[in-house]
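Dear colleague,

My notes on what was found in it follow directly after.

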Amino acid sequence: MAGEHVWRRVTAAQALLAERNVDALVLLLQEGVNWESVYYLSGFRGTSGALLVTGDDAVLVTDGRYLAQARRQSPFSLVPQDGQGLLDVLGDLLRRRHLKSVGFEGDKVSFATYRRLADMGVWWEDVSDLLPRLRRRKDAQERRLIEEAAKRASFAFLEMLKRLEPGMTERRVAALLEFLLREAGADGGWGTMDFIVASGPRSALPHGRPTDRAMERGEWVTVDFGARYEGYVCDITRTISLGEADPWVRNMHALILEAQTRGSAALRTGAAVRAVDEAARNVIVSAGMGECFSHGLGHGIGLSVHEAPRLSFRSEEILEAGDVVTVEPGVYLEGRGGVRVEDDYLMEENGAVCLTEYLPRELFVI
């Protein structure tokens, strides 16, 4: 990641800290947990470290395993641990800089770690909302990476269709798709969660993780997947019929496409997310299937599969330029099956752009 992008984000973080009268921000990266926040503000992709952002500087702490990597990936001053514990080095840094109030992500820190932080002689301010707020508005670089992830995911999916056949298990389909994503040049899949591969009656499970169930001819399968590319993810759902499609599936797929079209047409900067959800949901309700649409219309994506904002009838959020959101209506009928279609959209000042347009939204029949 280019240094200019990182410094621009750090400057935005510094402005938010100043608004809250907080002297500095500490982001902890322990055993790979919270790599997204550290990567976003530093460019560093290791599994252990700490980032200290003050009003006029940024410092990255890590151990000997990652020093060369950190020098390549981050433009910040580097503090090696030199055999000391990460929190010990961080405490020394805070004391030497005479910082009084320091922000931290309370939702990313364990109780045991917080007890160590509490002994460092500073006032800790929970700013768990700061990084989600910053990460929500995607810049041109982030758009490019999400779009690239979508291109590679689309290619891998179409390649998978060539090898798909009755008798394959859901788990094998998921593994094949993961392999093809890497072969297409992606980092892999999401990494933090399994793909959804749910066939036959199991397609009625909105979050049906893959099992050893063998798919049969005449059935359909929901595949919810995505690629990660240079840290950023896409999120796509398509429905596949193994052989001639059941008329019910064709009808439900057409209904869901209409709902998605109405929902995506309602995407505009300044729109209430509940209104976008309503635009899609009304199509399904009017068809008498409202009770079968059991979740919100979508969510934000970026470095994580689920980010702000949340497109739901329960949410009070307003869409902003720079949001990247999914639109994924679905219907699920227990004992029969389900259908969902999902694409990713970037909010711009004058409307929304589909970032997953490379993969047709058709019902795939193989």
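**Aromatic contacts**

Phe 157, Trp 190, Phe 195, Phe 225 and Phe 364 are linked into a cluster by ring pairs; rings of Phe, Tyr and Trp (its six-membered ring) pair if their centres lie within 6.5 Å, and planes under 30 degrees apart count as stacked, over 60 as edge-to-face and the rest as tilted. Please note that this is a predicted model, in which local features need pLDDT of at least 70 and side-chain atom pairs count only at pLDDT 80 or more, while totals for chains, interfaces and linings use all residues. Residues are numbered from 1 along each chain as its sequence is written, and side-chain values use heavy atoms, with hydrogens and water left out.

The structure holds 10 aromatic pairs. In one of them, the ring centres of Trp 7 and Phe 76 are 4.8 Å apart with the planes at 70 degrees, so the pair is edge-to-face. Trp 7 belongs to helix H1 (residues 3-19) and Phe 76 to the loop between helix H3 (67-73) and E4, so the pair ties together parts that are 69 residues apart in sequence. Helices (H or I, at least four residues) and strands (E, at least two) are DSSP runs, numbered from the N terminus. Phe 76 is buried, at 8% relative accessible area, whereas Trp 7 is partly exposed at 34%; buried means under 20% relative accessible area, exposed over 50%, and partly exposed in between (1.4 Å probe, protein chains only).

Phe 44 and Tyr 66 form an edge-to-face pair as well, with 5.8 Å from centre to centre and 80 degrees between the planes. Both Phe 44 and Tyr 66 are buried.

Arg 45 lies over the face of Trp 35, 4.3 Å from the ring centre, and its charged end sits over the ring of Tyr 39, 5.3 Å from the centre. The criterion is that NZ of Lys or CZ of Arg is within 6 Å of the ring centre and within 35 degrees of the ring normal.

**The six-stranded sheet**

An open sheet has its six strands in the order E4-E3-E2-E1-E5-E6, with mixed pairing; two strands pair if DSSP finds at least two bridges between them. Strands E4 (77-80) and E6 (123-126) stand at the edges with a single partner strand each, so one side of each has no neighbour in the sheet. On average, neighbouring strands are turned by 25 degrees against each other, direction ignored. Strands E2 (residues 49-54) and E3 (residues 58-62) run antiparallel and are joined by four bridges, and Leu 52 has Val 59 in E3 as its bridge partner.

Helix H4 (residues 86-96) packs on this sheet, touching E1 (24-29), E2, E3, E4, E5 (101-104) and E6, and its direction makes about 170 degrees with that of E1. Contact means heavy atoms within 4.5 Å; axes are lines fitted to C-alpha atoms, for helices over the stretch in contact, and angles run from 0 to 180 degrees between N-to-C directions. Among the buried residues of H4 are Leu 86, Val 89, Leu 90 and Leu 93. Helix H5 (residues 111-118) lies across E1, E5 and E6, at about 140 degrees to E6.

**Cysteines**

How many disulfides does the structure hold? There are zero, a disulfide being a pair of cysteine sulfur atoms within 2.5 Å. The sulfur of Cys 234 is 11 Å from the closest cysteine sulfur, in Cys 354, which is too far for a bond. Cys 234 is buried at 0% relative accessible area.

With kind regards
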